[in-house]
Amino acid sequence: MSVSARSTILSQFAQVAREQNRKLAPLSDDLVLMDSGLDSLCFAIVVARLEDSLGFDPFGATEDARFPVTLGDFITFYEDAAK
Amino acid sequence: MPQNDAVSLAQAISDPARRSQRFIWSAETQVALGDLGARSSLDCSIEELRARSVLILTRDQLTAALALIQLDGIARRLVLCPPDVDAAHLPFVTATAEVDAVVSDYAPAEMGAAQGGRFVACSSRTSPTDDVRGEQRATEWILFTSGTSGAPKMVSHSLASLAGAIQAGGHLAGANVWSTFYDIRRYGGLQIFLRALLGGGSLALSSEAESTTAFLTRAGVHGVTHMTGTPSHWRRTLMSGMAQQISPQYVRLSGEIADQSILDSLRAQYPRATIAHAFASTEAGVGFEVEDGLAGIPASFFGHAAHGVELKVEDGSLRIRSARTARHYVGNERTALLDADGYVDTGDVLELRDGRYYFSGRRGGIINVGGLKVHPEEVEAVINRHPRVQMSLVRSRKSPVTGAIVVAEIVLKPELAATAASSENSTLKAEILESCHRALAAHKVPAAIRIVPSLEVTPSGKVARPNA
């Protein structure tokens, strides 16, 4: 599950960057999301598409008030929610 | 309060005791407010613009700010163009607002047929002037409402209606350093511009070209004490990893629904700050501000006047009556802005649960994507142009990032639907997305498209809209 969540997330980043004509920074776990080349709208689209493909939205589900800063945080959110 | 007595912006900042050490900062430069009496950013004497209806159309916020400060009290009308104004609509704006002078940092040729009367160049740089302001007048301020499709809608305000303080004094007056993610050429940002100027403070402007990280760093350097933005702006701040660059005393969210999660996150990030969520619109003015740290609005805010504002719920939507609402629409006076009792219908639908009112959406199904409004019909019209689409429904879907996003459901024409293979459907979705990207602003393009067998249709033959 965790491997597939990661690859699904990475391919969504690439797909949305392409659709929105944005240059995506090289993806690594310590990349700060706001430096990835995607804006808030892009992230909203990524989260919505991931909810469709993975079946859940870890941000809507959690009571925990925190926001992911790096790509690694973002992936961990999904991996934790899938457990 | 001195700000309520000011005839003009220039007069409000002219008090020598209060103007020292006060600045407006942009990403590129800074202007000392104390210098503005003897310097001008306009390529003419203000005398030439006296009593005129002046359109202000600028590339950047600082240039607009300087023009506003100099021309409020001089011009008969100031028509403030928002940053995304469509050049094709400028002739309509010019005619409707009876514009007879344009102040701009665009070249006249770039503005095409928009020019009305006298053209005056302006910039974000100032040079010495011997302008004498002379007698000042109460200038009418014309603002564009947000979220209209087609020709812009404009409303009439005054400095008094824009600046009337909800909480006279309190923590919002004084030598504060304000900043806002908003553009000051729209109502939400203009509020902050005026609060900073009239309340004795300074202002750090945002810049479209600047990253969240760079903006927060700059705001931190200027020692920002009061900061405002939409919940989406604040989510972006928390996601930037640079939220600690600022240590505000006051954090305000408006323009979108503030949910408990973002309020709690900001409380955790800024434990010493007042975290407030507020309602304001170009038409209805500032309605209320909630400072108890909870989502929703206490029911006790309704049914009586507080701070000069009366709130009520009628036919499910929020209505506001105060001296801060706009007076009337411009060029469309037959469309009433105020009802018979003087209330503005905000169109925002409220639900009462356990003693608090919560926003549940907009009447008419308007979708709010990170503070930008989307009319579903505009997006549906683009989707419906595709030869294989029979009908479509564009609606809102909740987003933890931008509050809401746009999604679409489409019904294919029957003769084509039966034969469609799934690979063809993904090609079709890609084609529709591409045509949406060509015709619409990015926030209006559906994040997801779903092909459905049918859509509910009302007895009047329209697609049934949830929340409508």
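The expected span of a helix is 1.5 Å times one less than its number of residues. Helices (H or I, at least four residues) and strands (E, at least two) are DSSP runs, numbered from the N terminus.

This is a predicted model, in which local features need pLDDT of at least 70, side-chain atom pairs count only at pLDDT 80 or more, and totals for chains, interfaces and linings use all residues. Residues are numbered from 1 along each chain as its sequence is written, while chains are lettered from A and ligands numbered from 1 in the order in which they are written.

Q: How does the reach of helix α4 of chain A compare with what is expected at 1.5 Å a residue?
A: Helix α4 (residues 71-82) of chain A has 12 residues, for which 16 Å is expected. Its first and last C-alpha atoms are 17 Å apart, close to that value.

Q: Which residues of α4(A) are called buried, and what makes them line one face of the helix?
A: They are A:Leu71, A:Phe74, A:Phe77 and A:Tyr78. A residue is buried if 20 or more other C-beta atoms lie within 10 Å of its own, exposed if 12 or fewer, and partly exposed in between, with C-beta atoms placed from the backbone. Down the axis of α4(A), the buried residues fall within an arc of 120° (an arc of the directions from the helix axis to the C-beta atoms), so they line one face.

Q: How do you know whether the length of helix α2 of chain A agrees or disagrees with 1.5 Å a residue?
A: The 15 residues of α2 (residues 40-54) should span 21 Å, and the end C-alpha atoms are 20 Å apart, which agrees. The buried residues of α2(A) include A:Leu41, A:Phe43, A:Ile45 and A:Val47. Just after this helix, A:Gly55 takes a positive phi of about 90°.

Q: What makes the phi of B:Ala51 worth a look?
A: Most residues other than glycine have a negative phi. B:Ala51 is not glycine, yet its phi is positive, near 65°.

Q: What makes β16 and β17 of chain B edge strands?
A: The open sheet has 6 antiparallel strands in the order β16-β21-β20-β19-β18-β17. Strands β16 (297-298) and β17 (305-306) each pair on one side only.

Q: How many residues does each chain bring to the contact?
A: Chain B gives 27 residues and chain A gives 22, where contact requires C-beta atoms, placed from the backbone, within 7 Å. On the side of chain B, the largest share, 5 residues, comes from α9(B).

Definitions and conventions:
Pairing = 2+ DSSP bridges. Contact = placed C-beta atoms within 7 Å.
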